[in-house]
Amino acid sequence: MTKDALVSDSMAKNFAREKDTPYASWVRNEGLDIISAHYIPDLNTVELKPWERRGGRGVFINHEASRTSNDCYVCEIPAGGKLAPQRQLFEEMLMVLSGHGSTSVWNDAGKKVTFEWGPGSIFAIPLNTWHQHFNGSGTTAARFVSSTNMPPVMNMYDEPEFVFGTAHDFVGRFNGEPDYFADKDEVEGLLLKTNFVADAVNLPLIHAKERGAGGGHIRFMMAKGSMNSHISQFPVATYKKGHRHGPGAHVIIMSGEGFSLMWPEGEEPKRYDWQPGTLIVPPNMWFHQHFNTGDSPARYLAFKHEVVSIRNAQGVPKAWISRRIGGDQIDYADESAIVRDTFAKALAQKGLTPRMEAAYAAELEDLPPKPGESTATA
């Protein structure tokens, strides 16, 4: 793995103020911790602290590579309780981990929409709208995971009163439309045009052969925001193509069992095992690859900010494009032997064998030639 490049304490002190950002200071003042990690084994059991201002419990998760782009936090609504109303000059997307409840969203004009949610629901908070979350159970806490682009906003203004207390309705984003949070099914390309998904664990997906393994994919840009997300699924005993992108993709495992490999270019991969509830945040421009070793399809949700996507001139993410033509995706034909060996050994421990032959063959149909290699010999 990459060396930490640690220096002397005296040199580090010269940069202490730059590390302690307004965002980090705000989290501290909220009485909460920031877990600096790119791997959380289970969001359902991660330790939370009382969040007095909001009336629940929470923790932030934000490693160094994403601290200036977007973040992640886990919040719990107490049984029979609710969180305090809040408005904010940053965007937010969230997924319900457990529990049932409802959320109300309104603006200063008084236009209000309330909708219900349960485990696996995904929705976004429109910019600077008032919103409040309610737990529908009197006996069990509800828990959700959220990703926001608060870090750059808080770091830019360094004034929480402005970020949370500015009175302005962005009516182009939300104006109290009654069906704003309806569970819609309108699709354009790979994009599902909706602001709410009731059950993302069982949401129908679209075939996307470019990512390999014969899996499904769907993308979201909710509440007309700059943040986006996607869901990917791949079959038993298969794996996705390795790729890399910018910082801040928060990958949440929704179903299945397996592992991911992550590595910076030129280094050996490190393995991270996962199950439903695991969070993986690939560091900036690290290659990563996801493997299904369970007995059912594996599905994950990735919350992210646009800074993640390094795109070509056509707007296509380079993480979807072969490295052979300048992209950031590793073709199966070019992957390291350690990838297939690690996968085969992991499956063998469960009495399974890889089911990748069809995916390898399908790739060859339109595999670009390597640089300097003629099409005839590709």
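E92 sits in strand β6, which covers residues 92–98; strands (E, at least two residues) are DSSP runs, numbered from the N terminus. The model is predicted, so local features need pLDDT of at least 70 and side-chain atom pairs count only at pLDDT 80 or more, while totals for chains, interfaces and linings use all residues. Residues are numbered from 1 along each chain as its sequence is written, and side-chain values use heavy atoms, with hydrogens and water left out.

**Exercise 1.** Describe the charge and polar surroundings of E92.

*Solution.* 
1. E92 is buried (under 20% relative accessible area; exposed is over 50%, partly exposed in between, with a 1.4 Å probe and protein chains only).
2. Glu counts as negative, Lys and Arg as positive. The nearest side chain of opposite charge to E92 is R54, 5.2 Å away.
3. E92 has no salt bridge, a term that requires a side-chain nitrogen of Lys or Arg within 4 Å of a carboxyl oxygen of Asp or Glu.
4. The side chains of E92 and Y73 are joined by a polar contact of 2.5 Å (N or O atoms within 3.5 Å, one able to donate a hydrogen and the other to accept it; residues adjacent in sequence count only if both atoms are side-chain atoms).

**Exercise 2.** Compare the places and accessibility of A223 and M285.

*Solution.* 
1. Most residues other than glycine have a negative phi. A223 has a positive phi near 55°, and M285 a positive phi near 60°.
2. A223 is in the loop between β16 (216–220) and β17 (227–234); M285 is in the loop between β21 (279–280) and β22 (287–292).
3. A223 is buried because its relative accessibility is 4%. M285, at 24%, is partly exposed.

Technical notes. Helix = DSSP H or I, 4+ residues; strand = E, 2+ residues; numbered from the N terminus.
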